[in-house]
Amino acid sequence: MRRSLAESVVVLDFETTGLSPQYGDRAIEIGAVLLEEGRIVDRFQRLMQPGFRISRFIESYTGITNDMLKGQPRCEEVMAEFAEFLEGRNIVAHNASFDRRFLEAELKRTNRAYRGACCCSLLVSRRIYQDAPNHRLQTLVSHAGIPRTGRFHRALADAEMTAQVWLSMIERIRRQYGIKTIYFDQLSELSKIDRLYVHRYLTSLAGGG
DNA sequence: TGCCAGGCCCTCTTTAGGGCCTT
């Protein structure tokens, strides 16, 4: 894995027709922001046609309607464009296993593959915001005092707010442990360790050990 | 349509079950 700053990543979010690409679900919207040294420097947002009508539940859940999807490009076209935006950078997503499954499934249809690393803001938040009432994106935005940038469950708004939650967690670690520079792979490691050992792990980073 | 998938995480656990997250 290329060692990159934790604040220099692509934060990604998909809206989809359901929960499982293996059972035929497809992406209908992708939203992503490019973070460079803690600032949003680029954005990517596209609606796309999944090839079939979406359910009323998804229309209601996302606010994306079948009418809105008429005339939009097919997933394959959008994913080819997004692959250039991504350029092998590391990814952050809220419940990243979900977005990664769709990313890989949709890229595969264009004979591409994602080879970068992926870190889950949900898993990190369970360790950094152990005091939050729950770890849904909407709750964390409120818990961290982050302003809403749009409608929840739309891809770009969710990607932007996930990015702000991500930066907020990094800032909390910095402030609490006096760590100047945090790397992506260190937060990736943090997302896997037992919650009981979070303090010990971050203290070791602060000490350079 | 949202019971459906998959992975994490807790506990009444580890030879398991169920809640939390994502759409």
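Reader: Which helix gives the most residues to the surface near DNA strand B?
Author: In this predicted model, β1 (10-16), α1 (56-62), α4 (96-108) and α5 each supply at least two residues of the surface near DNA strand B. With five residues, the element that gives the most to this surface is α1.

Reader: How do the residues of that surface near DNA strand B divide into nonpolar, polar and charged?
Author: There are 30 residues around DNA strand B, and Ser55, Phe57, Tyr61, Arg127 and His135 are those that come nearest. Sorted by residue type, the surface has nine nonpolar, 12 polar and nine charged residues.

Reader: What share of the atoms of DNA strand B that come within 4 Å of the protein do sugar and phosphate account for?
Author: One contact with the sugar or linking part of DNA strand B is made by Thr16, where a backbone N or O atom lies 2.9 Å from a sugar or linking oxygen. Taken over the atoms of DNA strand B that come within 4 Å of the protein, sugar and phosphate account for 59%.

Reader: At what distance from a base oxygen of DNA strand B is an N or O atom in the side chain of Asn95?
Author: A polar backbone atom of Thr17 is 3.4 Å from a base oxygen of DNA strand B. For Asn95, which is found in the loop between β4 (91-93) and α4, the side chain supplies the N or O atom, and its distance from a base oxygen is 2.8 Å.

Reader: Why does Asn95 count as partly exposed, and not as buried or exposed?
Author: Asn95 has a positive phi of about 65 degrees although it is not a glycine. Buried requires under 20% relative accessible area and exposed requires over 50%, so Asn95 falls in between, because its relative accessibility is 36%.

Reader: Is Asn111, which also has a positive phi without being a glycine, buried or exposed?
Author: The phi of Asn111 is about 60 degrees, and its place is in the loop between α4 and β5 (118-120). Since exposed means over 50% relative accessible area, the 77% of Asn111 makes this residue exposed.

Terms used. Residues numbered from 1 in each chain as written. Chains lettered and ligands numbered in written order. Predicted model: local features only at pLDDT ≥ 70, side-chain atom pairs only at ≥ 80, totals over all residues. Heavy atoms only, no water. Near = heavy atom within 4 Å. Polar contact = N/O pair within 3.5 Å; in protein donor to acceptor, adjacent residues only side chain to side chain. Helix = DSSP H or I, 4+ residues; strand = E, 2+ residues; numbered from the N terminus. Nonpolar A, V, L, I, M, F, W, Y, C, P; charged D, E, K, R; others polar. Buried < 20%, exposed > 50% of the residue type's maximum accessible area, 1.4 Å probe, protein only.
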